[in-house]
Amino acid sequence: HVKRHSFPTRRSSDLFGERGYEATTLRDIASGAGVSVGLVCRYFPTKEHFVLALYERLANALLDWAAEMPEGTVAARFEAAMRTKLALLEPHRRELVALAARAIDPDARASVLGKSTEVVRSKVGGVFWLAVSGATDAPERDESARLARLLYGVHLGLTLLFLQDPGGLMATRTLALVSAALPAL
């Protein structure tokens, strides 16, 4: 029996990175997971549903980490959150790159800014809210909310940079620059 939270399996999600999003079929995903196509279709009627499950799994992992976020300044907590996020993405880099066209297509169900990903955005945005509001130098509530939204946007840019940078060095250097600039905001 397959449960939604057990998907996507590592092997089945690797297929996007190996074959590309368009070339990967639900049959391929089922085979990679060692289950029937019917069972996969029961939980994931389209490949985009499968992608959304990957997004959700990564967001949940980041949210779990946030419960133990280290104390510190906004800059230190943002940097810790981003380093954790990039570490979570690293094993999925190839498949996330293969999904990039879907992720930035506003009409795609798997669009990172689309309606279908609202819950994922809320979870990840919540991590940045926690990073700001729980910081030793947290601004007042309204300012914290604005700064958290800004950092969420910066996080999207850093994520894109990370996925486009094979070694992740540019993203890491940019993250250090952003963190250094935060106290000035």
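At 19% relative accessibility, Asp14 falls in the buried class, because the cut-off for buried is under 20%. Keep in mind that this is a predicted model. Its mean pLDDT is 86, with 92% of the residues at 70 or more.

**Around Asp14**
- Asp14 sits in helix α1, which spans residues 10-19 and has the lowest mean pLDDT among the elements of the protein, at 71.
- Arg93 is 79 residues away from Asp14 along the chain, yet the C-alpha atoms of the two are separated by 9.4 Å.

**How α5 and α9 pack**
- Two packed helices are described by the angle between their axes and by how far apart those axes are.
- For helix α5 (residues 74-89) and helix α9 (residues 141-164), the angle is about 35° and the axes are 11 Å apart.
- The crossing of this pair, α5 and α9, is right-handed.
- On the α5 side, the residues in the contact are Val74, Phe78, Met82, Lys85, Leu86 and Leu89.
- Across from them, α9 brings in Leu147, Leu151, Val154, His155, Leu158, Thr159 and Phe162.
- Sorted by type, the residues of this α5 and α9 contact come out as 10 nonpolar, 2 polar and 1 charged.

- Helix α8 (residues 118-133) has the highest mean pLDDT among the elements, at 96.
- Over residues 1-5, pLDDT stays under 50.
- For that stretch, residues 1-5, the model has 7 contacts beyond four places in sequence.

Terms used. Residues are numbered from 1 along each chain as its sequence is written. This is a predicted model: local features need pLDDT of at least 70, side-chain atom pairs count only at pLDDT 80 or more; totals for chains, interfaces and linings use all residues. Side-chain values use heavy atoms; hydrogens and water are left out. pLDDT is the predictor's confidence in each residue, from 0 to 100. Helices (H or I, at least four residues) and strands (E, at least two) are DSSP runs, numbered from the N terminus. Contact means heavy atoms within 4.5 Å. Axes are lines fitted to C-alpha atoms, for helices over the stretch in contact, and angles run from 0 to 180 degrees between N-to-C directions. A crossing is left-handed if the near helix is turned anticlockwise from the far one by less than a right angle, and right-handed if clockwise. Ala, Val, Leu, Ile, Met, Phe, Trp, Tyr, Cys and Pro count as nonpolar, Asp, Glu, Lys and Arg as charged, and the others, Gly among them, as polar. Buried means under 20% relative accessible area, exposed over 50%, partly exposed in between (1.4 Å probe, protein chains only).
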